[in-house]
Amino acid sequence: MKKVLFFLAIFIFFGNVGLVSAISATEPSAEAALPDSVAHILIEASTGRVLSEANADERLAPASLTKIMLLLLAAEEINAGRLSFDALVTVSSHASKMDGSVIWLEQGESMSVADLVKSVVISSANDAAVALAEHISGSEEEFVKLMNRKAYVLGMSETNFVNAAGYDHPDHYTTAKDAATMSRALMRDENYELFSDYMLTRLCSVRAGTDREAQLLNTNKLITYYNGIEGIKTGTTDNAGHCLAAAATRDDMRLISVVMGCKDEADRVNRTEALLDYGFGNYELYRGFGKDLEPFENLSVAGGVQRELKLAQIRDDSGIVIQKGRAGDIDYRIYLPEKVTAPIARNQPVGTVTATLDGKVVHESYITAEHTVHELTLFRVFAFLIRAFLC
């Protein structure tokens, strides 16, 4: 029996060594830093590439990560000119009855959109969230419909909202992947710039200088020390546990992480920090796509006014997420036909350039026509002859 156990142990040991070697030979893994089954995801914002995930499609209670959608819709209203930071909101009876994290809004009280937004972003005030939702759509119920429509448009197929604040409900859920999707939308420049100051504010207040002044404390502790941190939102309820969606940028690369179901505040902060460190430590956003390619030769044109087509050089700076230090290993594959048939429009795609790394496609871009080539029709032949005769 001892011999059997001995050989079994040897088999398991060397089997695991082989597994570790196989993993290290491909891409680095974040799982060592996040060993438990808590849902998480890490993406690069400009491309949406997933760098690490676990249980990312599991439906979970989102707590105040819900307010990311609230802020996204508020940003769209502001950018469209339908909502102003200076507008005054009259608080309803319904909004004043919210509990949990609140700024103690009273029925009939007036507060600016700016102060409501600030209260939502910094201290996750539930009464401010509902008051803002009602102001935008007339009622929380109508605003929730707007939230679910936006979720559908964004492709958040495993998400359903029941309220605007994030209270626990069996039918109120999202996933780490969907939460990253709406976080990515919120972090677009035109949206993020509206809230960036608030997201990085640790402590401030509303109703300052009055006997009803309310202190706002940002519970995202990463904003006090993490290099490149930009936001986004914390969330905590009994069912959701401790959640955190975070964004940070270094060296022109923005990462978005989401952790859900953490056991306490320290856990969500540590997990988020580990994910972001993993991303910044192992990946880069390479913007040199196609810069070393030789100029393309002209293409032959069949049936055209001109016999050759000039090709536009690749100008694609959208970026490729690659492992750090691997830019020199990128291979380019060019596809161009031997000839094209007129008519050809300027900027029309006529071929592709594909970048591969370790045999995997990491980026693809079109080769386009630099100018228009009209079809050589009988009418154009006569036109040329007449023009030649008159000249």
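Is F289 buried or exposed? F289 is buried, with a relative accessible area of 4%, where buried means under 20% relative accessible area, exposed means over 50% and partly exposed lies in between, with a 1.4 Å probe and protein chains only. Before I go on, please keep in mind that this is a predicted model, in which local features need pLDDT of at least 70 and side-chain atom pairs count only at pLDDT 80 or more, while totals for chains, interfaces and linings use all residues. Residues are numbered from 1 along each chain as its sequence is written, and side-chain values use heavy atoms, with hydrogens and water left out.

Let me begin with the aromatic rings. A pair of aromatic rings is described by the distance of the centres and the angle of the planes. Rings of Phe, Tyr and Trp (for Trp, its six-membered ring) pair if their centres lie within 6.5 Å, and planes under 30 degrees apart count as stacked, over 60 as edge-to-face and the rest as tilted. The structure holds two aromatic pairs. In one of them, the rings of Y278 and Y283 have centres 5.9 Å apart and planes at 75 degrees, so this pair is edge-to-face. Y278 is buried at a relative accessible area of 9%, and Y283 is buried too, at 1%. As for F289, its ring pairs with that of Y332, with the centres 5.6 Å apart and the planes at 65 degrees, so this pair is edge-to-face. F289 lies in the loop between β10 (283-286) and β11 (299-302), whereas Y332 belongs to strand β14 (residues 331-335), so the pair ties together parts that are 43 residues apart in sequence. Helices (H or I, at least four residues) and strands (E, at least two) are DSSP runs, numbered from the N terminus. Y332 itself counts as partly exposed, at 25% relative accessibility.

Next comes helix α4. Of the 11 residues of α4 (residues 113-123), 10 are buried, so the helix is largely enclosed by the rest of the structure.

Turning to strands, β12, β11 and β15 form an open sheet in the order β12-β11-β15, with mixed pairing; two strands pair if DSSP finds at least two bridges between them. The edge strands are β12 (308-309) and β15 (339-341), each of which pairs on one side only. β11 and β12 run antiparallel and are joined by two bridges, and S300 stands opposite E308 in β12.

Strand β2 (residues 50-54) contains S52, which is buried at 6% relative accessibility. The side chains of S52 and H40 are joined by a polar contact of 3.0 Å; such a contact is a pair of N or O atoms within 3.5 Å, where, within protein, one must be able to donate a hydrogen and the other to accept it, and residues adjacent in sequence count only if both atoms are side-chain atoms.

Finally, some backbone details. The peptide bond from G231 to I232 is cis, with omega near 25 degrees, and I232 sits in strand β7 (residues 229-237). Another cis peptide bond joins A342 and P343, with omega about 5 degrees, and P343 lies in the loop between β15 and β16 (349-357). W104 is not a glycine, yet has a positive phi of about 60 degrees, and is exposed at 60% relative accessibility.
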